[in-house]
Amino acid sequence: AATKLASAEKLMYFCTDQLGLEQDFEQKQMPDGKLPVDGFLLCVDVSRGMNRNFDEQLKFVSNLYNQLAKTKKPVVVVLTKCDEGVERYIRDAHAFALGKKNLQVVETSARSNVNVELAFGTLVQLVDKSRGKAKIIPYFEALKQQSQQIAAAKDKYEWLVGRIVKSHNEAWPNVSRKMQPAPEYQDYVYLEGTHKAKKLFLQHVQRLKQEHIERRRRAYLALLPQALDALVPDLDEIDRLSRAKAEKLLEAKPDFLKWFVVLEETPWDATSHVDDVGNERIPFDLLETPAAEQLYEAHLEKLRDERRRAEMRRAFRENLETSPFVTPGKPWEEARSFIMNEDFYLWLEEPVYMDIYGKHQKQLIDKAKEDFQELLLEYSELFYELELDAKPSKEKMGVIQEVLGEEQRFKALQKLQAERDALILKHIHFVYHPTKETCPSCAACVDARVEQLLGSRFARPAERHHRNPLPDAGVDRINLVILGKDGLARELANEIRALCTSDDRYVIEGKMYELSLRPIEGNVRLPVNAFQTPTFQPHG
């Protein structure tokens, strides 16, 4: 209760964090000499203290007040630790103040920093009457206002941190220097302190790091199926392997390091590999995570499903090939009920079967047409009596169809009558105009094939002259084997020679060839009938 104090060589402190660390802060001393006291804050602890009776405390406070009252100095009763306050204690303290000439009471919490300034401000107003009277706010109302003020300041500060800090590698000293001029930083530090400001910064940095790690993890997991497809595409290789053996198998693959990286330290998200953005390879220890294990199981299941689907496709094709109900030109709608069973639908969609059926039908139709053309060639006498360039009459077509009607190769095109009639007409045109353009074999026509062979296998005269000079630079030599029986080979050789000049030279489209023919009519396994001799190397 003294009104004059001596304070020589005493330091002023602003927070308990500085205790024991005085040398790290500014050495600020109290005023020297006598220090006059202008007023008193009478503090009453309203929390539930250990081994402390509140009534006894209030009795001590009452005695202390009696001493303070003698000084004629203003007094403000300050209830402390209201964040842990007991309601009865608070009521009793107010009752005490009310009985002492209406003492003003301020409810405070130093820990929550609620009404601390108000307590000093109230006392200052009592000392200096010229100041406006401070409005005393109850603790819980002040706490609510302060919480709202802190929440608003926190939101603004977090916005500032989010705008400035974009990388999880940022450090607090550098960032705090950047933020110091900003009012959002100043307001929050004033309300909550640097320690909490730093804590929010570290939470933001940790969030950025987790987001970065999650992005990398998602990228690795997205790449993992491609890696598995490239390294272990064969089900037989991995179907019955344990996880450990499967990982050993992956490591042994030649392209393993193209897809994976084995880190000296694990887990990968706690190493510098997290920030190695130029390295997109998957950390091998990622395979131990549940998400990667699920992808590996999904890879296995995909390979199993592909095998089952392939087996279904193969079984369906075999079913088509053996089914007597599948004939050339039969629509899918007519055939499906005869060739489909429930197992097929378990693994493949109907459009897949329709595609397989369509390809099989094309093969059937192409084969049936080819067989039908052979049939027409075998019945050549049917077409000899037709008038040149005249379309056969309806009666003649009827005769042709009647003659061929009992043949299975004719019946095979029963569902493709229009195409069958077109083949007959095309054959008639070929009979009277036998050229490679009208040949039913189209690109497989022997005349067309010979031209292709000549064009691809024999060099131009200038090139041949460059590689193998001949006596006549404008002539190419062609060695041909003519293979036949019953005199056909020699007969064809004679026909060719009849078209040549006296020195066995033959001109096609202005180009001259020197022909050397080797007709063979006997057993080609005998040396005398060999295709090649020391002096004869055939070109075709």
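Colleague: Are Phe-54 and Tyr-89 buried or exposed?

Modeller: A word on the source: this is a predicted model, where local features need pLDDT of at least 70, side-chain atom pairs count only at pLDDT 80 or more, and totals for chains, interfaces and linings use all residues. Residues are numbered from 1 along each chain as its sequence is written, and side-chain values use heavy atoms, with hydrogens and water left out. Buried means under 20% relative accessible area, exposed over 50%, and partly exposed in between (1.4 Å probe, protein chains only). By that rule, Phe-54 and Tyr-89 are both buried.

Colleague: How many aromatic pairs are there?

Modeller: Rings of Phe, Tyr and Trp (its six-membered ring) pair if their centres lie within 6.5 Å; planes under 30 degrees apart count as stacked, over 60 as edge-to-face and the rest as tilted. The count by this rule is 14 aromatic pairs.

Colleague: How do Phe-54 and Tyr-89 pair, stacked or edge-to-face?

Modeller: Their ring centres are 4.2 Å apart, with 5° between the planes. Phe-54 is in helix H1 (residues 54-69) and Tyr-89 in helix H2 (residues 87-98), 35 residues apart; helices (H or I, at least four residues) and strands (E, at least two) are DSSP runs, numbered from the N terminus. The pair of Phe-54 and Tyr-89 is stacked.

Colleague: What is the angle between the planes of Phe-256 and Phe-284?

Modeller: Phe-256 lies in helix H10 (residues 256-259) and Phe-284 in the loop between strand S7 (282-283) and helix H11 (290-322), so the pair ties together parts 28 residues apart in sequence. Phe-256 is buried at 4% relative accessible area, and Phe-284 is buried at 10%. The rings sit edge-to-face, 5.0 Å centre to centre, and the angle between the planes is 90°.

Colleague: Which residue forms a salt bridge with Asp-229?

Modeller: A salt bridge is a side-chain nitrogen of Lys or Arg within 4 Å of a carboxyl oxygen of Asp or Glu. Asp-229 is in helix H7 (residues 194-231) and its partner in helix H11, 73 residues apart. The closest N and O atoms are 2.7 Å apart, and the partner is Lys-302.

Colleague: Is Asp-45 buried or exposed?

Modeller: Asp-45 is in strand S3 (residues 40-45), and Lys-81 is in the loop between strand S4 (75-80) and H2. Their side chains meet in a salt bridge (3.4 Å, N to O). Lys-81 has 42% relative accessibility and therefore counts as partly exposed. Asp-45 has 12% relative accessibility, so Asp-45 counts as buried.

Colleague: How many salt bridges does a search of the whole structure find?

Modeller: Some of them share partners, joining Asp-239, Glu-301, Arg-304, Asp-305 and Arg-308 into one network. Another joins the side chains of Arg-111 and Asp-83 (3.8 Å, N to O). The search of the whole structure gives 29 salt bridges.

Colleague: What is the radius of gyration of the chain?

Modeller: The radius of gyration is taken over C-alpha atoms, and the globule rule is 2.2 Å times the number of residues to the power 0.38. A compact globule of 540 residues would come to a value near 24 Å. The C-alpha trace spans about 155 × 65 × 50 Å along its principal axes. The chain itself has a radius of gyration of 53 Å.
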